[in-house]
Amino acid sequence: GLSMVVGDIKQSLYRWRNSNWRLLYHQAVDDMHAFGSQLTPLNKNQRSRQSIIDFNNDIFSGLPARVAENFAMTSLAAEPVSENRGDIIRQVFQEAKQEAGNKAGLEGKVEIRFIDKSDQENNWNDILSQNLVDTVKDLLTNRGYRQEDITFLVRKNSDADKISRILTQAGNNWTFASTDVFRISNAPVIKMIVNAIRYIADPSLTLFKDLFFWDVFSRNHPDETPFPGFQSAEENRFQSYLESVAHNDLLTIVDHLIQTYSLDTAEEDMAYLYQFRDQIKSCMMKGISHPDGFIAWWDLVGYKQMLASDSLGSSMRIMTVHKAKGLSSPVIIVPYCNWDFNHSASKAPWLWVSTAGTPFTQVGKIPVRYDSTLELSLFNNCYIDEKIDCYLDNLNLLYVAFTRAVDILIAFCPFGK
């Protein structure tokens, strides 16, 4: 019989789930070679218009080579670093060039918009927000697209939350599907309520009361910094609230909190509040009606609940690039096309490295923090391996994001300090 192995290293995005792009890069080829295997590139693009294909061919024929230049070629380890270690990234993308398929007849469009973050006179977030709103209006009003034709791709869930707020605050009654990226627990108004419930459940946890007071102040005075002793100004109102809800069920406690502190005045909060109340009702039907029981349930299960927005059929989509793998959309918008290729210092991983050929051989393996200083250490090879993986992860994210568009690709690129 006929057996096939089909895959694309350039779309390998799930290393954090233990996927390994090297399996496709050489191991599968080596394993199948004994059976007289044949490698056949599938390089015809049946998704995108001509200009998008041409743009991606240009970008991914040159960018991988530039990325490969970021690798040191010296080592103090027992095994010397090959001079072409970084070149493996270029090799992965050497067949990235695609041929036009059946949908390439119409021209299509690519727009790359740069926003200077160092502009002291204009806030780049405000510029981006206005640009996004104007872009959506133009697509819907002048270019004949429907909401369901537009997809926003982001790197992180926190960026997805920003886009949802921008679209909501635009006030155009736009709808968006966001069930795969928005946790209710990430909404500031829900964080406030949960902090208050935590204190009510256990009054010894005064930190949560202080956090609630801080959020109340920041919500009512967004341009001011809380002054020393600001908590005392809220204490009387909060104590009156606690007395009014004593011995009440959880839903009443939450409803009175929302009313007392006017937490339902912002339109962008309403969807979160409605669904949070639904969660509380569901808990109460299961016999969980006291704050401490709810907090135990929330920390175990409830915090995972996603915001259920309007149905996907008539709404814009907002999703992470990871979720977009294998999908397509007439219009792709990448609002924050400025992610780093390397690990940030605050999220640098720990690497378990072999001590072979070092003075630490008695230990076997030791953990070292990923850091550029490892370039000149005995663990240079392990550092370079992780750096290659990290750079390829993020280059692949860019590749997937840029190749999802059918008609129009729009990317906003904030740059500068």
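Figure 1. Of the contacts in the chain with a separation of 6 or more, 75% come from residues 24 or more positions apart, where contact means heavy atoms within 4.5 Å. This is a predicted model, so local features need pLDDT of at least 70 and side-chain atom pairs count only at pLDDT 80 or more, while totals for chains, interfaces and linings use all residues. Residues are numbered from 1 along each chain as its sequence is written, and side-chain values use heavy atoms, with hydrogens and water left out. The chain has 13 helices and 10 strands; helices (H or I, at least four residues) and strands (E, at least two) are DSSP runs, numbered from the N terminus. Its C-alpha atoms fill a box of roughly 75 × 65 × 55 Å along the principal axes. Among the 417 residues, 43% count as buried; here buried means under 20% relative accessible area, exposed over 50%, and partly exposed in between, with a 1.4 Å probe and protein chains only.

**Figure 2. Confidence along the chain.** The average pLDDT, the predictor's confidence in each residue from 0 to 100, is 86 for the chain, and 93% of the residues score at least 70. Confidence is lowest in helix α1 (residues 22-33), with a mean of 76, and highest in strand β7 (residues 329-334), at 96. Over residues 74-78 the pLDDT is below 50, and this stretch has 14 contacts in the model beyond near neighbours in sequence.

**Figure 3. Asn396 and its neighbours.** Asn396 sits in helix α13 (residues 380-402). With a relative accessible area of 1%, Asn396 is buried. Which residues does Asn396 touch, not counting those up to four places away in sequence? They are Ile9, Lys10, Gln11, Ser12, Leu13 and Phe93.

Figure 4. Helix α5 (residues 157-169) has 13 residues, which at 1.5 Å a residue should span 18 Å; the end C-alpha atoms are 19 Å apart, in agreement. The expected span is 1.5 Å times one less than the number of residues. Buried residues in α5 are Asp159, Ala160, Asp161, Ile163, Ser164, Arg165, Ile166 and Leu167. The buried residues of α5 pack against several elements, including α4 (124-141), β4 (150-154), α6 (188-201) and α10 (267-285). After α5 comes Gly171, with a positive phi near 70 degrees.

**Figure 5. Aromatic pairs.** Rings of Phe, Tyr and Trp (its six-membered ring) pair if their centres lie within 6.5 Å; planes under 30 degrees apart count as stacked, over 60 as edge-to-face and the rest as tilted. By this rule there are 19 aromatic pairs. Phe60 and Phe402 form an edge-to-face pair, 6.5 Å centre to centre with 70 degrees between the planes. This pair links Phe60 in helix α2 (residues 50-68) with Phe402 in helix α13, 342 residues apart. Both Phe60 and Phe402 are buried. The ring centres of Phe212 and Tyr261 are 5.0 Å apart and their planes are at 90 degrees, so this pair is edge-to-face too. Phe212 lies in helix α7 (residues 206-220) and Tyr261 in the loop between α9 (250-260) and α10, so the pair ties together parts 49 residues apart in sequence. Phe212 is buried at 0% relative accessibility, and Tyr261 is buried at 6%. Tyr199, Phe212, Phe213, Phe238, Tyr241 and Tyr261 form one aromatic cluster.

**Figure 6. Charges over rings.** A charge sits over a ring if NZ of Lys or CZ of Arg is within 6 Å of the ring centre and within 35 degrees of the ring normal. The charged end of Lys162 lies over the ring of Tyr336, 5.3 Å from its centre. For Arg198, the charged end is over the ring of Phe208, 5.5 Å from the centre.

**Figure 7. Asn248 in its loop.** Asn248 belongs to the loop between α8 (230-244) and α9. At a relative accessible area of 32%, Asn248 is partly exposed. The side chain of Asn248 reaches the backbone oxygen of Ser244 at 3.4 Å.

Note on methods
A polar contact is a pair of N or O atoms within 3.5 Å; within protein, one must be able to donate a hydrogen and the other to accept it, and residues adjacent in sequence count only if both atoms are side-chain atoms.
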